[in-house]
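Visitor: I have a model on the screen and would like to learn how to read it. Where do we begin?

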Amino acid sequence: MLKVRQAVPADLPAVLALYDPVIDLFQAQTGTTAWKKGVYPIEADFQRAIEAGTLYLGELEGRLAAGMVVTQGTDKTYGNPPWRVDAPDLETAVIHTLGVSPDFAGQGLGLDMMRQAAELARERRWKALRLDVLENNVPAQRFYERAGFVYIQTKQIWYESTGLVSFLLYEYAV
């Protein structure tokens, strides 16, 4: 069974080792370099998330198998899309950088991580989880829809790692 916990500073080397093949897989599946070694996600991103207490890790069989960042509040770059859940910003959260080790692919760990994100949201009394997916990342779109997220809108968003590109916004009512 997947055990999900908050990351601690000592986890940083293992987190970097986890995401190295995840970035390769992302590029192979999407044909993009939105996740690119040395650009995003990088050590500083994970270090900030650990310090903020927003990086969560999934362990299976004593090994680091998955990770995600969950931040309170809706990303301001999303603008004001027609969210289905009407909630103040502090009662929402965004999931970022979900990754599952290719060594554990096909075992449902991504869905387990989403269930843990929903449980975290319930504990913190958040009403909605939100996220964005690159327009050409069809595997992620299918995954999030299977996890219960609802497509909201396609929006042009600028990130340093991607430039200005189209992202699909999704929401999960907690």
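This is a predicted model: local features need pLDDT of at least 70, side-chain atom pairs count only at pLDDT 80 or more; totals for chains, interfaces and linings use all residues.

Visitor: How is a pair of aromatic rings described?

Guide: Two values describe a pair of aromatic rings: the distance of the centres and the angle of the planes.

Visitor: How many aromatic pairs does a search of the whole structure find?

Guide: The search finds ten aromatic pairs. Take Y19 and W35, one of these pairs. Their centres are 6.2 Å apart, with 50 degrees between the planes, and the pair is tilted.

Visitor: Which parts does the pair of Y19 and W35 tie together?

Guide: Y19 belongs to helix α1, residues 12–30. W35 is in the loop between α1 and α2, the latter spanning 43–52. The pair therefore ties together parts 16 residues apart in sequence.

Visitor: Are Y19 and W35 buried or exposed?

Guide: Y19 is buried, and W35 is buried too. For W35 the relative accessibility is 11%, so it counts as buried; the limit is under 20%.

Visitor: What kind of pair do W35 and Y40 form?

Guide: Their ring centres lie 6.2 Å apart and their planes are at 80 degrees, so this pair is edge-to-face. The cut-off for that class is over 60 degrees. Y40 has 23% relative accessibility and therefore counts as partly exposed.

Visitor: Which residues do ring pairs link into a cluster?

Guide: The cluster consists of Y19, F26, W35, Y40 and F46.

Visitor: What sits over the ring of W83?

Guide: The charged end of R130 does, 4.1 Å from the ring centre.

Visitor: Now helix packing. At what angle do α1 and α2 pack?

Guide: The angle is about 130 degrees, and the axes are 10 Å apart. α1 and α2 are therefore oblique to each other. The crossing of α1 past α2 is right-handed. On the α1 side, L12, V15, L16 and Y19 make the contact. On the α2 side, E43, F46, Q47 and I50 do. Y19 and F46 also belong to the ring cluster.

Visitor: How do the axes of α3 and α4 cross?

Guide: Helix α3 covers residues 109–123 and helix α4 covers residues 138–146. Their axes come within 10 Å and cross at roughly 50 degrees. α3 and α4 are therefore oblique to each other. α3 passes α4 in a right-handed crossing. From α3, the contact uses G110, L111 and M114. From α4, it uses F143, Y144 and R146.

Visitor: Where is G163, and how far is its C-alpha atom from that of A34?

Guide: G163 is in strand β7, residues 163–173. At 18% relative accessibility, G163 counts as buried because the limit is under 20%. G163 touches I157 and W158, not counting residues up to four places away in sequence.

Visitor: Last topic: the backbone. What is the general rule?

Guide: Most peptide bonds are trans, and most residues other than glycine have a negative phi.

Visitor: Which residues does a cis peptide bond join?

Guide: The cis bond joins Y40 and P41, with omega about -10 degrees. P41 lies in the loop between α1 and α2. Y40 is the residue that makes the edge-to-face pair with W35.

Visitor: What is the phi of E61, and what is that of R125?

Guide: E61 is not a glycine, yet its phi is positive, about 55 degrees. E61 sits in the loop between β2 (55–60) and β3 (63–72). Its relative accessibility is 65%, so E61 counts as exposed. R125 also has a positive phi, near 65 degrees. R125 is found in the loop between α3 and β5 (128–134). At 69% relative accessibility, R125 counts as exposed.

How values were computed
Residues are numbered from 1 along each chain as its sequence is written. Side-chain values use heavy atoms; hydrogens and water are left out. Rings of Phe, Tyr and Trp (its six-membered ring) pair if their centres lie within 6.5 Å; planes under 30 degrees apart count as stacked, over 60 as edge-to-face and the rest as tilted. Helices (H or I, at least four residues) and strands (E, at least two) are DSSP runs, numbered from the N terminus. Buried means under 20% relative accessible area, exposed over 50%, partly exposed in between (1.4 Å probe, protein chains only). A charge sits over a ring if NZ of Lys or CZ of Arg is within 6 Å of the ring centre and within 35 degrees of the ring normal. Axes are lines fitted to C-alpha atoms, for helices over the stretch in contact, and angles run from 0 to 180 degrees between N-to-C directions. Angles under 35 degrees count as roughly parallel, over 145 as roughly antiparallel, 65 to 115 as roughly perpendicular and the rest as oblique. A crossing is left-handed if the near helix is turned anticlockwise from the far one by less than a right angle, and right-handed if clockwise. Contact means heavy atoms within 4.5 Å.
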